[in-house]
Amino acid sequence: KLGRSNMREGFDAMQSRRPVVLITGGSRGIGASVAQLAAARGYDVAITYRSERGAAERVLEACRASGAAALACQGDVAVEADVVRMFDEAEAGLGPLSHVVNNAGVTGRSSPLAEAAAETIRTCIDINVLGAIWVAREAARRLSRKRGAAGGTIVNISSVAASLGSPNEYVWYAASKGAIDSLTIGMARELAGDGIRVNAVSPGMTKTDIHERSSGDVGRMERLRPFIPMNRIGEPEEIAEVVLFLMADGASYITGANLPVSGGRG
Ligand code: NAP
């Protein structure tokens, strides 16, 4: 049986535990910025990546330099078993999760739909829709108060593409982000009584590798810049700020929201 002072110590340890966030696709781009800002704001951080181990290591170093405990889990979010294993690894290393950022995503080579290969479309839907749903389901299981956890937040990364439709670029990608918007609304309402807030951030054009490496469209950012009302490309840090806001207690009455961070585009 615990004495009063032991109970007090245990209570204090629980109070002073740093919140733990898992970010899918945290090795590069927006996910890497979210990881580093979260570390700087007092979170311990688990990132997932698919293939860029070196990039993941650099993000971990930056997080640790801010005083966070940080680890990386390798896996493909499109594979259900990988997602379950990555959540297990994160919790084994850092303790129970309190926040999940559902960020990993790809576009596939840009083209009109009529010219798109089946593999391009299938890969995008597998990662962006199925993968995001596996991650969301695992998050719901692990944060749930009804299941004995402490509650928390989920932030889904959508895109202004969901409303723009991305004609002649990747309508399948736009459709995949439309699915994220529905997922956000449904999960927010399903989990509101379970201590879990679920919101989305919809970035506009943001300076990451996705444009050249995933869509293969070199020069896309510069070509489309004049169509952005603020006439500039967003920085990943500007997306991360809004993700961190939605995770924080200051957003305690916000669930089911979808915030565009797009310089006015969309
Ligand atoms: P990015 O720079 O290309 O980074 C993608 C990240 O996702 C990397 O960490 C990558 O891991 C990981 N990833 C990709 N496929 C994966 C898979 N199957 N399993 C696990 N991890 C995987 O992309 P980003 O621009 O930061 O995009 C992040 C999110 O923001 C995406 O959902 C994207 O749709 C959304 N978004 C981006 C923009 C934009 O303009 N950049 C605009 C709107 C929405 P590796 O490093 O191992 O490859």
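How many salt bridges does the structure hold? The structure holds 19 salt bridges, a salt bridge being a side-chain nitrogen of Lys or Arg within 4 Å of a carboxyl oxygen of Asp or Glu. This is a predicted model, in which local features need pLDDT of at least 70 and side-chain atom pairs count only at pLDDT 80 or more, while totals for chains, interfaces and linings use all residues. Residues are numbered from 1 along each chain as its sequence is written, and side-chain values use heavy atoms, with hydrogens and water left out.

Side chains of opposite charge can pair when their charged atoms come close. Arg 85 and Glu 89 form such a salt bridge, at 2.9 Å from N to O. Both residues belong to helix H4 (residues 80-94), where they sit four residues apart, about one turn of the helix; helices (H or I, at least four residues) and strands (E, at least two) are DSSP runs, numbered from the N terminus. Arg 85 has a relative accessible area of 30% and is partly exposed. Glu 89, at 32% relative accessibility, is also partly exposed. In these terms, buried means under 20% relative accessible area, exposed over 50%, and partly exposed in between (1.4 Å probe, protein chains only).

A second salt bridge joins Glu 91 to Arg 142, with 3.2 Å between the closest N and O atoms. This pair links distant parts of the chain, since Glu 91 is in helix H4 and Arg 142 is in helix H5 (residues 118-143), 51 residues apart. Glu 91 is partly exposed at 21% relative accessibility, whereas Arg 142 is buried at 15%.

Arg 141 and Glu 138 are separated by about one helical turn because they are three residues apart in helix H5. Which of the two is buried and which is partly exposed? Glu 138 is buried, at 4% relative accessibility, and Arg 141 is partly exposed, with a relative accessible area of 34%. A network of salt bridges links Asp 88, Glu 91, Glu 138, Arg 141 and Arg 142.

H5 also packs against another helix. Two packed helices are described by the angle between their axes and the distance between the axes. For H5 and helix H7 (residues 171-191), the angle is about 15 degrees and the axes are 9 Å apart. Axes are lines fitted to C-alpha atoms, for helices over the stretch in contact, and angles run from 0 to 180 degrees between N-to-C directions. H5 is therefore roughly parallel to H7; angles under 35 degrees count as roughly parallel, over 145 as roughly antiparallel, 65 to 115 as roughly perpendicular and the rest as oblique. The residues of H5 in this contact include Ile 121, Ile 125, Ala 132 and Ala 140, and those of H7 include Trp 172, Ile 180, Leu 183 and Leu 191; contact means heavy atoms within 4.5 Å. The contact of H5 with H7 comprises 15 nonpolar residues, three polar and one charged. Here Ala, Val, Leu, Ile, Met, Phe, Trp, Tyr, Cys and Pro count as nonpolar, Asp, Glu, Lys and Arg as charged, and the others, Gly among them, as polar.

Most residues other than glycine have a negative phi, and most peptide bonds are trans. Ser 166 has a positive phi of about 50 degrees although it is not a glycine, and its place is in the loop between helix H6 (161-164) and H7. Asn 168, in the loop between H6 and H7, has a positive phi near 65 degrees. Ser 166 is buried at 8% relative accessibility, whereas Asn 168 is exposed at 60%.

Glu 169 lies in the loop between H6 and H7 and is buried, with a relative accessible area of 11%. Leaving aside neighbours within four places in sequence, Glu 169 is in contact with residues including Arg 109, Asp 217, Arg 220 and Arg 223. Glu 169 and Gly 193 are 24 residues apart in sequence and 39 Å apart in space, C-alpha to C-alpha.
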